[in-house]
Amino acid sequence: MKIFLLLFALGFCWAQYSPHTQQGRTSIVHLFEWRWVDIAKECERYLAPNGYGGVQVSPPNENVVVTNPFRPWWERYQPISYKICTRSGNEDEFRDMVTRCNNVGVRIYVDAVMNHMCGDGQGAGTHSTCGSYFNAQTRDFPAVPYSGWDFNDGKCKSGSGGIESYQDIYQVRDCRLTGLLDLALEKDYVRSTLAAYLNRLIDIGVAGFRLDACKHMWPGDIKAVLDKLNNLNTKWFPSGSKPFIYQEVIDLGGEPITSSQYFGNGRVTEFKYGAKLGTVIRRWNGEKMSYLKNWGEGWGFMPSDRALVFVDNHDNQRGHGAGGASILTFWDARLYKMAVGFMLAHPYGVTRVMSSYRWSRNFVNGKDTNDWIGPPNNNGVTKEVTINADTTCGNDWVCEHRWRQIRNMVIFRNVVDGQPFSNWWDNGSNQVAFGRGNKGFIVFNNDDWSLSSTLQTGLPGGTYCDVISGDKSGNSCTGIKVSVSSDGKAYFSISNSAEDPFIAIHVGAKL
C-alpha cells in the first residue's frame with residue numbers, strides 16, 4: 001500500500017511536467033497568431049498525420065486594440081478581460097478548435113498572461129477586442145472585474161513604478177514591466193480570478209499552459225494559482241491528469257532570479273539553448289559543432305526533465321527577449337534547418353517548433369524598426385492561412401513546421417523516443433554525427449569542406465531513405481539512399497555546398 005501511495009504521489013507531482021501528448025508524439029508547434037479556425041484545420045489535415053503532439057496558441061483572452069502602431073503582435077499580451085474574444089476568433093471557434101484538435105490527438109496549450117493587464121498609457125474606453133470598457137489610469141477593468149485594489153502600485157518601491165534594476169528581485173516581481181499594470185498576485189481574489197479563467201479553458205479541453213513573464217511573478221504566487229486548477233477534461237485525458245505547465249523565465253545568468261526557483265511549478269523555458277546553439281551553428285566566438293558532444297546539462301543548462309527548448313520563439317526572432325543576434329530564424333533558412341534538426345534529434349528537453357509569419361524588416365543601426373508588426377492582415381483582420389499546391393503556406397505565413405526537413409525530424413524524434421544518445425563522432429571541427437540507440441542516426445557537415453566518412457550508425461543493416469533530402473515513398477526514396485551494412489556501418493558523403501548539409505535516417509524510413 002505504501003508503494004502504491006508513493007507511486008501515486010510521484011505521478012501526481014510529475015503531472016505538470018508532462019505535455020500529455022499521445023503515445024508516439026513528442027513535439028509541440030507554436031502556431032503564432034493563427035486564427036482558431038485555421039488551427040482546427042491544421043490539426044486535422046497536417047499536424048496529426050505528421051506526428052505533432054500539440055499546439056501552443058496565442059493568448060485567447062480579450063486584449064487592448066492598439067492603433068499606434070497599428071495592431072502590433074504584442075497587443076495580445078495586454079489583457080482587458082478574460083473573455084475568449086480576440087483577433088484569432090471568438091469562444092465558439094476556440095471551443096471547436098480544442099475539440100477537433102483533441103479528437104485527432106493534438107493537444108492545445110494556451111499562452112496565459114497572469115502577471116499584468118494592459119499598459120498604463122492605454123487610456124480609457126472600449127478599444128478592446130470584445131468591446132469591454134476599461135480605464136488604465138484608474139486601474140478599472142469592470143469586465144473582470146479588477147479595481148485599483150488589485151494592482152501592485154503601492155507595493156512597488158522603485159521611483160518610477162517600473163522595473164529599474166534587474167538585480168533587485170522585488171522590483172522585478174512587484175513593479176511594472178514596460179509600463180504594464182502589475183497584478184497583485186498575493187491577493188486571493190486575483191489568484192481565484194486567474195484560476196477561474198484557466199479552469200474554464202481546462203474544462204473546454206486544453207492540456208496545459210505556457211505562463212508568460214514568470215520572472216515577474218513570485219514562484220509562490222504562481223503555485224497558489226496552480227493549486228486552484230482543475231484536473232484535465234476526462235473526455236480526452238486520464239482521470240486525475242494535471243495541466244502541463246511551462247513557465248517563461250528568461251535566465252541567461254548574471255541575475256538573482258534563476259530558472260531553478262520555478263522548477264516546483266512545472267517546466268521552464270531554457271533560453272540558453274537557442275542562444276548557445278545559434279552561436280555554435282553560426283561558428284561565432286570560435287565555437288564548433290564538435291563541442292556539442294556533452295550538449296545539455298554539460299553546457300550549464302537546467303535538468304532535461306525540467307526544460308522546454310526551442311531554437312527561436314516569437315520574441316527573440318524579433319530581437320526581443322533573450323539571445324541577441326545569435327538566434328537563428330527562418331530568415332537564415334539553411335542554418336536554421338540544421339539547428340532545428342539537431343534539436344529534434346537530441347534527447348534533451350521537451351521540444352517546441354516555431355511557426356512564423358513574414359514581415360517587412362527595416363534595419364536602422366542594427367535594429368529592426370518593424371519588429372512590432374502583427375500577423376498578415378487586411379485592415380487589422382487576420383488573414384487565412386492558405387495552403388499552396390506544394391504544401392507550403394501562402395498569405396505571408398511561413399509555416400516552418402511544414403518544411404520537409406523539419407516535419408521529418410519531428411517524425412524522427414517520435415521514432416527514436418526513449419532511445420539513448422549514442423555513437424557520437426566528430427572530426428574535431430564542424431562535422432558531427434550521433435545516433436539514438438538502434439533507431440536513428442544523423443550526420444552534419446557545417447565545415448567549409450566536404451564530409452566523406454564511414455561511420456557506425458548502430459542501426460540494423462539495410463537501405464534507408466535520408467529524410468532531409470526527401471521521403472520514403474513506397475519501396476523507394478525521393479532523396480538520398482543510405483546503405484547500412486550488417487555491422488551497422490554506413491558511408492556518408494555530404495558536400496559543404498549542399499542546400500541542406502545534413503543527413504538523417506531512422507528505422508521508420510527503411511526500405
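Analyst: The secondary structure of the protein chain consists of nine helices and 29 strands; helices (H or I, at least four residues) and strands (E, at least two) are DSSP runs, numbered from the N terminus. This is a predicted model, in which local features need pLDDT of at least 70 and side-chain atom pairs count only at pLDDT 80 or more, while totals for chains, interfaces and linings use all residues. Residues are numbered from 1 along each chain as its sequence is written, and side-chain values use heavy atoms, with hydrogens and water left out.

Now the disulfides. A disulfide is a covalent bond between the sulfur atoms of two cysteines. Here it is assigned to a pair of cysteine sulfur atoms within 2.5 Å. The structure holds five disulfides. With the bonded cysteines of the protein chain numbered in sequence order, the pairing reads 1-3, 2-4, 5-6, 7-8, 9-10.

In one of them, the sulfur atoms of C43 and C101 are 2.1 Å apart. The torsion about their S-S bond is about 90°, so this disulfide is right-handed. C43 lies in helix α2 (residues 36-47) and C101 in helix α3 (residues 91-103), so the pair ties together parts that are 58 residues apart in sequence. Burial is judged by relative accessible area: buried means under 20%, exposed over 50%, and partly exposed in between (1.4 Å probe, protein chains only). C43 is buried at 0%, and C101 is also buried, at 0%.

Another disulfide joins C85 to C130, with 2.3 Å from S to S. This link is right-handed, with 95° about the S-S bond. C85 belongs to strand β4 (residues 79-86), and C130 to the loop between β8 (124-125) and β9 (134-135), so the bond ties together parts that are 45 residues apart in sequence. C85 is buried, with a relative accessible area of 13%, whereas C130 is partly exposed at 35%.

C156 and C175 are also joined, with an S to S distance of 2.0 Å. Their torsion of about 95° makes the disulfide right-handed. C156 is in the loop between β9 and α4 (169-174), and C175 is in the loop between α4 and β10 (180-182), 19 residues apart. C156 is buried at 12% relative accessibility, and C175 is buried at 1%.

As for cysteines left out, C214 is one of them: its sulfur is 18 Å from the closest cysteine sulfur, in C175, too far for a bond. C214 is buried, with a relative accessible area of 0%.
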